[in-house]
Amino acid sequence: MILLLGHTGYIGGEFKRQLESSGIEHRSISRSELDYTRRDVLISLIRESHATFLINAAGYTGKPNVDACEQHKSECLDGNAVLPGTIREACEMAGGIPWGHVSSGCIYTGRRHDGQGFTETDEPNFCFRTNNCSWYSGCKALGEEVLADADDVFIWRLRIPFNEQASSRNYLSKLIRYERLLQAENSISHLAEFVSACLECWHRRVPFGIYNVTNTGSVTTRQVTEMIQRHLLPDKTYDFFESEAEFMQLAAKTPRSNCVMDNTKLLSTGIKISNIQEALSQSLRDWSDE
Ligand SMILES: NC(=O)C1=CN([C@@H]2O[C@H](COP(=O)(O)OP(=O)(O)OC[C@H]3O[C@@H](n4cnc5c(N)ncnc54)[C@H](OP(=O)(O)O)[C@@H]3O)[C@@H](O)[C@H]2O)C=CC1
Ligand SMILES: Cc1cn([C@H]2C[C@H](O)[C@@H](COP(=O)(O)OP(=O)(O)O[C@H]3O[C@@H](C)C(=O)[C@@H](O)[C@H]3O)O2)c(=O)[nH]c1=O
């Protein structure tokens, strides 16, 4: 029996769909039904549902994007740093049930000094400790620190989700819609592949710990816009900011994490996730605006 928190959200909604379609016994809870952010309430919920695993897809992201977190700092801290700590304590106190937490790769910027992508053992370099981050990224990094020495927890790092369904939350829709674009290099995650890989971690009983759950490789904004032109919108043109400084001046309130992640640890478990170019092409070929 899997207990799912955050199913009303963009990421939690995909967890719910996949749990339903694969017939896995689960229970999805929203704060409007039960305030699972209270530790005593969550402990009772875990016990009374006989949960054997919990998925935390809840958190505060800011709408329409992380800029909004700058104006909602306490909610962001609560949703991304306090809540994982509360869930950890509840799972431990309810008998030590294992669980998985949706984190973010946005705790990094750029590439590693040796030019490689960041691995799970690299310290975050876009966080409050390095003093160069957005409030959101700082809170996500704190959320991982809260879980640093926890047993029986998966920390699944998602990055800039995309898929074939147009949505204000989909990276591809964002690039189609934004007036001007920031040229950057990123590792990104196909939403369904991300969720499927997370569920596989539990089904296959792979070792607990941190996993970078991104598609293999990295992609630049220009490469993605070229793919959109090739597969979907041949006549659309794109205007790019001249620099990150111009992006910050004209379009953003807080710096963005743009980074390259290494998913070797995930692949070494035998869990499959496709190459970024393949996943993007497939999403654009299957694109739906409805
Ligand atoms: N979307 C993205 O680009 C990325 C998201 N992530 C992470 O994935 C998780 C889910 O994100 P996403 O689905 O996009 O977010 P959404 O805003 O779409 O949904 C989050 C859900 O979390 C629940 N929630 C619990 N506590 C809070 C709180 N304090 N503030 C706001 N919501 C809360 C809400 O569900 P309810 O009220 O029903 O309980 C809400 O529907 C977050 O931890 C986020 O950091 C990581 C990388 C990228
Ligand atoms: C606002 C804006 C962003 N961008 C770029 C910056 C960045 O590379 C990309 C996405 O930026 P946004 O501001 O749309 O999204 P942002 O809120 O930064 O997205 C993040 O959300 C949180 C929840 C995460 O955890 C991250 O992994 C990531 O998905 O688009 C533009 O090119 N033009 C714009 O006008």
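## A tour from the ligand outward

Select ligand 1: helix 1 (10–21), helix 3 and strand 4 each supply at least two residues of its shell. Helices (H or I, at least four residues) and strands (E, at least two) are DSSP runs, numbered from the N terminus. This is a predicted model, in which local features need pLDDT of at least 70 and side-chain atom pairs count only at pLDDT 80 or more, while totals for chains, interfaces and linings use all residues. Residues are numbered from 1 along each chain as its sequence is written, and chains are lettered from A and ligands numbered from 1 in the order in which they are written.

**Stop 1: the ligand shell.** Color helix 3, which gives the most to the shell around ligand 1, with five residues. Now pick G9, S30, A58, G59 and G79: of the 26 residues around ligand 1, these come nearest. A residue is near a molecule if its C-beta atom, placed from the backbone, lies within 6 Å of it. By class, the shell has ten nonpolar, eleven polar and five charged residues. Ala, Val, Leu, Ile, Met, Phe, Trp, Tyr, Cys and Pro count as nonpolar, Asp, Glu, Lys and Arg as charged, and the others, Gly among them, as polar.

**Stop 2: strand 3.** Select residues 53–56, which form strand 3. F53 and I55 on one side are buried, and so are L54 and N56 on the other. Buried means that 20 or more other C-beta atoms lie within 10 Å of the residue's own; exposed means 12 or fewer, partly exposed in between, with C-beta atoms placed from the backbone. Strand 1 (residues 2–5) pairs with strand 3 in the parallel sense over four bridges. Two strands pair if DSSP finds at least two bridges between them. Find L4: its bridge partner in strand 3 is I55. Strand 4 (residues 99–104) runs parallel to strand 3, joined by three bridges. There, W99 is the bridge partner of L54.

**Stop 3: a loop.** Go to the loop between strand 3 and helix 3, the place of P64. A cis peptide bond joins K63 and P64, with omega about 5°.

**Stop 4: helix 7.** Select residues 221–231, helix 7, where T221, V224 and T225 are buried. They share a side of helix 7, because they cover an arc of only 100° around the axis. The arc is that of the directions from the helix axis to the C-beta atoms. On the other side, E226 and R230 are exposed.

**Last stop: N131.** This residue sits in the loop between strand 4 and helix 4 (135–146). N131 has a positive phi of about 60° although it is not a glycine.
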